[in-house]
Amino acid sequence: MKYARYVLDHLKKDLRLEWRSRDSINGMLFFVLLVVVVFAIAFDPASYPTMARQISGGILWVGLLFASMTALNQSWTREQRNQVLEAQRMAPSPASALFVGKALANMIFVLLVEVVLGPIFIVFFNLHVLGNAWLLALILPLGTWALVVNGTFFAALGLRARNRELLLPLILLPLSLPAVLMMVQATSGVITGDLDPIQIRTWITQLAGFDIIYTTVCVLFFETVLNAE
Amino acid sequence: MTAASLDSASKIYGTFAALRNATATFPMGTCTVILGENGAGKSTLLRIVAGLITPSRGTATVFGGAPHKQRRRVAYMSHAPMLYDELTAMENLKYFSKLHRSEGCDCAGSPEMALRAVGLDPTLTRPVGQYSQGMRQRASLARVLQTDPELLLLDEPFSNLDVKSSQHMVELLADFRTWPVAGGSARTIILTTHQASLAEPIADRTITMRQGQIVDTAVRQPA
């Protein structure tokens with residue numbers, strides 16, 4: 001219960017910081033909108049609706065993956081400014097609560113971007129979902145958590161590195177590949193209606209498993225990462 | 001009784017020794033001023049006592065244990081403000097006070113008191129990023145005072161402050177030492193500065209450092 005209060009304190013602080021600066025959300029939103037527009041022009045989805053349906057899941061998640069990386073580094077830069085991170089390290093509250101709070105804040109930012117992006121994506125790719133659309137309500141949060149939990153952790157890992165902007169994609173992209181595969185397969189399966197619900201549920205279950213494993217590992221190792229010299 | 005001690009502590013970064021074979025004890029209830037020029041190793045020594053870095057060789061103990069295990073009893077103020085630029089001083093202090101909360105104590109009210117003690121208005125709505133350097137330094141001091149520490153570590157607290165503000169800070173630190181501590185122990189201050197005259201009124205002991213080494217330790221006789 002006490003741990004949850006610490007997580008909530010960190011989460012509220014990160015939401016307030018973002019509300020005041022709007023650095024992360026604005027950056028992500030413009031980036032992902034550009035990706036959608038560029039791909040929509042390149043593939044001409046109105047003329048090839050079947051192909052558009054098949055590739056839209058991949059474009060959506062790759063766009064979100066790259067966009068979230070811009071926000072993930074930003075979230076730790078705030079902690080480094082004025083050496084606030086040292087004050088965090090001196091606090092007696094559990095270090096992992098800081099990580100969980102920040103990952104939840106990043107998740108909320110990416111979900112907000114998805115809410116804005118969703119209708120635009122549907123219009124630009126001329127999409128009509130042929131499968132069970134309600135399954136997207138499971139796939140999107142699970143997929144987003146898979147991106148932000150690893151991203152938040154590895155952005156913290158690169159805090160003391162000179163080339164941290166380069167380091168994050170180098171570590172995050174290969175590690176996120178299994179999750180990206182699961183998200184894209186499940187999302188494309190829902191949009192195209194090609195996969196039967198059991199197959200889609202299998203992808204969703206695996207994605208949930210990925211989330212549980214990586215969240216546990218990140219929470220366990222975060223204090224070591226935070227206090228590394 | 002010893003609040004903190006270093007036993008042959010060294011800190012080496014690559015081929016550079018920031019701290020060399022430092023041995024010192026900081027008795028409970030005293031104010032120790034560490035003097036030395038830039039690069040003398042003062043901040044490194046303080047960061048080791050704070051538990052922010054570990055010595056490459058030798059040991060450091062705080063209240064008889066490892067420094068990083070004493071977070072609730074120790075507060076550290078660096079020359080950077082250690083506050084979020086986007087939040088007001090009050091929001092910053094409330095946030096950090098919540099991170100220091102313990103069972104049965106939410107430290108309610110202490111952020112306001114701490115801000116008033118350092119001469120800042122708790123109702124100020126400007127974010128810390130818009131404060132002057134001196135105001136930031138005072139807000140930073142309020143951040144550490146509100147946690148009610150038994151061992152207060154201050155790294156160059158007078159930098160960015162004018163003479164009047166520095167004198168006010170010294171008076172405040174002298175007052176802080178008289179605050180009662182739960183359990184009956186006394187408050188200890190370790191302070192680094194290169195402006196010896198400013199810290200003189202509260203110094204019980206001085207340690208002089210040069211090129212990573214402690215070259216002199218002096219106990220000030222009461223007047």
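Visitor: Which residue of β9(B) is the bridge partner of Ile207(B)?

Guide: In general, the strands of a sheet pair through backbone hydrogen bonds, either parallel or antiparallel. In this predicted model, Ile207(B) has Thr217(B) as its bridge partner in β9(B). Thr208(B) stands opposite Asp216(B) in β9(B).

Visitor: How many bridges join β8 to β9 in chain B, and do the strands run parallel or antiparallel?

Guide: Six bridges join them, and the strands run antiparallel. The strand β8(B) covers residues 205–210, and β9(B) covers residues 213–219.

Visitor: What lies between β8(B) and β9(B)?

Guide: A turn with two residues between the strands, which makes the pair a hairpin. Gln211(B) sits in that turn with a positive phi of about 50°.

Visitor: In which order do the strands of the six-stranded sheet of chain B come?

Guide: The order is β5-β6-β7-β3-β8-β9, in an open sheet with mixed pairing. The edge strands are β5(B), residues 74–77, and β9(B), each of which pairs on one side only. From one strand to the next, the twist averages 15°.

Visitor: What is the order of the three-stranded sheet in chain B, and is its pairing parallel or antiparallel?

Guide: That open sheet has the order β2-β1-β4, with antiparallel pairing. At its edges are β2(B), residues 16–27, and β4(B), residues 57–62, and each pairs on one side only. Its neighbouring strands are turned against each other by 15° on average, direction ignored.

Visitor: How many bridges join β1(B) to β4(B)?

Guide: Five bridges join β1(B), residues 2–13, to β4(B), and the two run antiparallel. As an example of facing residues, Leu6(B) stands opposite Ala60(B) in β4(B).

Visitor: Which helix lies across β1, β2 and β4 of chain B?

Guide: Helix α1(B), residues 42–50, lies across these strands and runs at about 120° to β1(B).

Visitor: Turning to chain A, what span should the 32 residues of α3(A) have?

Guide: At 1.5 Å a residue, helix α3(A), residues 49–80, should span 46 Å. Its end C-alpha atoms are 47 Å apart, which agrees with that expectation.

Visitor: Where is the kink in α3(A) centred?

Guide: The kink is centred on Ile55(A) and amounts to about 40°. After the helix comes Asn82(A), whose phi is positive, near 60°.

Visitor: At what angle do α3(A) and α6(A) pack?

Guide: The angle is about 35°, and the axes are 9 Å apart; α6(A) covers residues 136–157. The crossing of α3(A) past α6(A) is right-handed.

Visitor: Which residues of α3(A) and α6(A) meet?

Guide: An α-helix has 3.6 residues a turn, so residues three or four places apart point the same way. Among those in α3(A) that meet α6(A) are Trp61(A), Leu65(A), Ser68(A), Leu72(A) and Trp76(A). On the α6(A) side, the residues include Gly143(A), Leu147(A), Gly151(A) and Ala155(A). By class, this contact has ten nonpolar, six polar and no charged residues.

Visitor: How many residues does each chain give to the contact between chain A and chain B?

Guide: The size of an interface is often given as the accessible area lost when the parts come together. Here the description is by residues: 20 from chain A and 20 from chain B. On the side of chain A that touches chain B, the elements giving two or more residues are α1(A), residues 2–21, and α4(A), residues 84–90. The helix α1(A) gives the most, with seven residues. By class, this side of chain A has seven nonpolar, four polar and nine charged residues.

Terms used: Residues are numbered from 1 along each chain as its sequence is written. Chains are lettered from A and ligands numbered from 1 in the order in which they are written. This is a predicted model: local features need pLDDT of at least 70, side-chain atom pairs count only at pLDDT 80 or more; totals for chains, interfaces and linings use all residues. Two strands pair if DSSP finds at least two bridges between them. Helices (H or I, at least four residues) and strands (E, at least two) are DSSP runs, numbered from the N terminus. The expected span of a helix is 1.5 Å times one less than its number of residues. The bend at a residue is the angle between axes fitted to the seven residues ending there and the seven starting there. Axes are lines fitted to C-alpha atoms, for helices over the stretch in contact, and angles run from 0 to 180 degrees between N-to-C directions. Two residues are in contact if their C-beta atoms, placed from the backbone, lie within 7 Å. Ala, Val, Leu, Ile, Met, Phe, Trp, Tyr, Cys and Pro count as nonpolar, Asp, Glu, Lys and Arg as charged, and the others, Gly among them, as polar. A crossing is left-handed if the near helix is turned anticlockwise from the far one by less than a right angle, and right-handed if clockwise.
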